Amino acid sequence: MGVHERDSRDRGPGSAPAGVGLTTGEVARRLGVAPTTVRTWDRRYGLGPDAHTGGRHRRWTPADVARLERMCALTATGIPPAEAARTVLGEATQEPAPARQAAPALPEAAGGATEEPAGEAAPGRGDAGVAPRPSVRTRSRAGSGLRLGDVRQECKGIARAALRLDASALDELLETAIAEHGLVAAWTEVIMPTLQAVGRKWESSGEKYVEVEHFLSWHVSGALRRGAPPTAADRPGATVVLACVPGENHTLPLEVLAAALAERGLPVRMFGGALPVESLVTAVRRTGPAAVALWAQSRTTASRPLAQHVAAMEWGVRGARRKPVVLTIGPGWTGRTVPGLPRPTGLAEAVAVLETVVSR
């Protein structure tokens, strides 16, 4: 969501010339937050540009951006926005930043991010034929020591919004990522790396940040459902059944797979977490699917006998019996490969396999 500047001929007297400072949209992309967040901080807390112009669109100098970077760092550590703004404005009063000086690097304790030198944006990593737009790679600690590594710029904004428990900003950032990159690339390159970083932080911090992981997962699920097209109508022999194996409750990867298949017009039946064996068998018999994808997050839940049993199921008239193609997906199947059954290792590969199976 960019901010469109008016032509220089329409700018009023005293307006800053075009190209001086950054627009609100450019500032938001640089910080990794939603433009509405920048505008809210300006309106509520007075963190807007120092230089006011006569035009309708505001321009942000490096000093203005430095204050917002400090604001991001403080709110990412859990400080309420109003308190963080008072701190930022107090610091600015005590030691004003030079107007043309580059924004200072933030100390790690405050959640600063270390970015690679600016320059040409690195080419995006495509996935399953989706060509994401180029973006600057950022090695980031998105507040509270959350290590993201070498990821897309959008990851930093999503991580910060999740750490702040900022629902509106998180929804806007997730929906923008899906709209700009496509569902497969957004999941693989933006959403999944952020979820993994939050999960690592939870595991290494003694049960802290559990609320952040749950909050982020819930909003990702909502963004997937809002962005997915309506479920495709049934076509005999073309349905795909998606289910977690018994004892497995991690449904988010199956939700994104369901959304990706819906984008491609494939009929999907999603059964979610921990589907009992008897219910899974009944669902397969009732739908007569072309394929069944069984998700297992943990090796303790991945069951070879169950996968083999579903793969051996048959239906139809004598002489034209059919069987489903069973995919074993998820890290739980690592080292537990079932002979003869596809084992895709990522979202793009799973989508490609299922498209091929349904089109037979």
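Predicted model: local features only at pLDDT ≥ 70, side-chain atom pairs only at ≥ 80, totals over all residues.

Biologist: Why is V27 called buried?

Modeller: The cut-off for buried is under 20% relative accessible area. V27 has a relative accessible area of 0%, so V27 is buried. V27 lies in helix α1, residues 24-31.

Biologist: Which residues does V27 touch, leaving out those up to four places away in sequence?

Modeller: V27 touches L22, V38, W60, V65 and L68. Take V38: it is 11 residues from V27 along the chain, and their C-alpha atoms are separated by 8.0 Å.

Biologist: How do you know that strand β7 is largely enclosed by the rest of the structure?

Modeller: Count its buried residues. β7 covers residues 325-329, and five of the five are buried, so the strand is largely enclosed. Both directions are covered: V325, L327 and I329 point one way, V326 and T328 the other way, and all are buried. In a regular strand, side chains alternate between the two faces of the sheet.

Biologist: What makes β6 and β7 a pair?

Modeller: Pairing needs at least two bridges. Strand β6, residues 291-295, is joined to β7 by five bridges, and the two run parallel. L294 stands opposite T328 in β7. The chain crosses from β6 through helix α11, residues 304-312, to β7, in a right-handed β-α-β crossover.

Biologist: And what pairs β4 with β6?

Modeller: Again five bridges, in the parallel sense, with β4 covering residues 240-244. The requirement is at least two. V240 stands opposite A291 in β6.

Biologist: Where does helix α11 pack?

Modeller: α11 packs on the sheet, touching β6 and β7. The direction of α11 makes about 160° with that of β7.

Biologist: What is the strand order of the open sheet?

Modeller: The order of the four strands is β5-β4-β6-β7, with parallel pairing. β5 (268-270) and β7 are called edge strands: each pairs on one side only. From one strand to the next, the twist averages 20°.

Biologist: How do you know that the length of helix α8 agrees with its residue count?

Modeller: α8 has 18 residues, 210-227, and at 1.5 Å a residue they should span 26 Å. The end C-alpha atoms are 26 Å apart, which agrees. Among the buried residues of α8 are L216, H219, V220 and L224.

Biologist: Which residues touch the most other members of the largest nonpolar core?

Modeller: W187, L216, V220, L242, L257 and L261, out of 59 residues in that core. Helix α7, residues 183-204, gives the most to the core, with nine residues. A second, separate core has 21 residues, including V241, L306, V310 and M313. In soluble globular proteins, nonpolar side chains tend to be buried together.

Biologist: What does V220 contact, apart from neighbours within four places in sequence?

Modeller: V220 is in contact with L174, W187, I191 and L252. The cut-off for contact is heavy atoms within 4.5 Å.

Biologist: How many of the chain's contacts between residues at least 6 apart join residues at least 24 apart?

Modeller: 68% of them do.

Terms used
Residues numbered from 1 in each chain as written. Heavy atoms only, no water. Buried < 20%, exposed > 50% of the residue type's maximum accessible area, 1.4 Å probe, protein only. Right-handed = clockwise from strand over helix to strand, strands pointing away. Core = buried A, V, L, I, M, F, W, Y, C linked by side-chain atoms within 4.5 Å. Axes fitted to C-alpha atoms, helices over the stretch in contact; angles between N-to-C directions. Expected span 1.5 Å × (residues − 1).
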